[in-house]
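User: I am new to this structure and would like to learn how to read it. Please take me through its features one at a time.

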Amino acid sequence: MTEEKTETPPTDTIPEVEVQSRIRQFSFVWIIPLVAALIGVWLVYKAQSEKGPTITITFQTAEGFEAGTTKIKYKDVELGQIEEINLSPDLGHVVVTAKLVRQAEDLISENTRFWVVRPRITASGVSGLGTLFSGAYIEMDPGMEGEPARRFKGLEIPPIVTTGVPGQEFLLRANSLGSLDSG
């Protein structure tokens with residue numbers, strides 16, 4: 001048998017390993033997800049900070065209403081939008097759930113009134129013609145200050161005198177109406 005010889009190389013020819021500490025640099029690829037996360041956090045914060053109260057209004061019918069489309073306005077300024085339309089448990093009326101903007105929170109109280117603006121033709125004139133193209137909307141009258149409220153009963157006929165408009169309201173009692181009419 002042959003004997004194997006193992007030769008050990010001389011120590012002066014073995015290369016030495018050099019360990020270099022490498023500073024890890026930030027990869028610019030990570031900027032995109034970081035910016036996306038910051039934008040997402042900002043959008044959530046903005047949505048929460050602008051979120052206003054949710055209210056419910058009852059009406060006799062939902063004629064002209066459309067969830068997600070029908071607006072709530074005061075002096076032609078949009079203050080909210082209808083989110084849901086449901087029937088009441090007794091099926092006697094409809095319950096409209098609406099979300100208002102944050103600025104409207106100070107305007108709603110127990111004295112706030114709501115009614116539907118749609119085209120109306122009466123002996124005293126024509127009103128609501130703008131809704132022929134835009135559709136019906138709910139008008140709001142903040143009324144006088146009062147206790148905060150979130151449930152309201154909608155008016156079927158617009159009030160004659162609203163807050164901020166000069167005028168007075170009188171109650172007349174008579175046996176027959178004759179030629180008297182509102183306005």
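Analyst: One term is needed before the rest: a residue is called buried if its relative accessible area is under 20%, and exposed if that area is over 50%. The model is a predicted one. By that cut-off, Phe-59 and Phe-65 are both buried.

User: How many of the residues in the protein are buried, as a percentage?
Analyst: Of the 183 residues in the protein, 23% are buried. The accessible surface comes to about 14,800 Å², and carbon and sulfur atoms account for 57% of it.

User: What is the geometry of the pair Phe-114 and Phe-152?
Analyst: The centres of Phe-114 and Phe-152 lie 5.0 Å apart with the planes at 65 degrees, so that pair is edge-to-face as well. The pair links distant parts of the chain, 38 residues apart: Phe-114 belongs to strand β5 (residues 113-117) and Phe-152 to strand β9 (residues 151-153). Both Phe-114 and Phe-152 are buried.

User: Which ring has the charged end of Lys-73 over it?
Analyst: That ring belongs to Tyr-137, and the charged end of Lys-73 is 4.6 Å from its centre.

User: How many helices and strands are there in the protein?
Analyst: The protein has two helices and nine strands. Read from the N terminus, the order of elements is α-β-β-β-β-β-β-β-α-β-β.

User: In what order do the strands lie in the sheet of seven strands?
Analyst: The order across this open sheet is β5-β8-β2-β3-β4-β1-β9, and the pairing is mixed. β5 and β9 are the edge strands, each pairing on one side only. From one strand to the next, the twist averages 30 degrees.

User: What should I know about side chains along a strand?
Analyst: In a regular strand, side chains alternate between the two faces of the sheet. For burial, take strand β4 (residues 94-101): six of its eight residues are buried, so the strand is largely enclosed by the rest of the structure.

User: Which way do β4 and its partner β1 run, parallel or antiparallel?
Analyst: Strand β1 (residues 51-59) and β4 run antiparallel, joined by seven bridges. Lys-51 has Val-101 in β4 as its bridge partner. Strand β3 (residues 77-87) also pairs with β4 in the antiparallel sense, over seven bridges. There, Gln-81 stands opposite Lys-99 in β4.

User: How many residues lie between β3 and β4 in their hairpin?
Analyst: Six residues lie between them, and Leu-91 in the turn has a positive phi of about 60 degrees.

User: How many bridges join β5 to β8?
Analyst: Five bridges join β5 to strand β8 (residues 137-141), and the two run antiparallel. Val-116 has Ile-138 in β8 as its bridge partner.

User: Where does helix α1 lie?
Analyst: Helix α1 (residues 31-50) lies across β1 and β4, at about 45 degrees to β1.

User: What share of the contacts between residues at least 6 apart in sequence join residues at least 24 apart?
Analyst: In the protein, 64% of those contacts do.

How values were computed:
Residues are numbered from 1 along each chain as its sequence is written. This is a predicted model: local features need pLDDT of at least 70, side-chain atom pairs count only at pLDDT 80 or more; totals for chains, interfaces and linings use all residues. Side-chain values use heavy atoms; hydrogens and water are left out. Buried means under 20% relative accessible area, exposed over 50%, partly exposed in between (1.4 Å probe, protein chains only). Rings of Phe, Tyr and Trp (its six-membered ring) pair if their centres lie within 6.5 Å; planes under 30 degrees apart count as stacked, over 60 as edge-to-face and the rest as tilted. Helices (H or I, at least four residues) and strands (E, at least two) are DSSP runs, numbered from the N terminus. A charge sits over a ring if NZ of Lys or CZ of Arg is within 6 Å of the ring centre and within 35 degrees of the ring normal. Contact means heavy atoms within 4.5 Å. Accessible areas come from the Shrake-Rupley method with a 1.4 Å probe; for residues, only the protein chains shown count as cover. Two strands pair if DSSP finds at least two bridges between them. Axes are lines fitted to C-alpha atoms, for helices over the stretch in contact, and angles run from 0 to 180 degrees between N-to-C directions.
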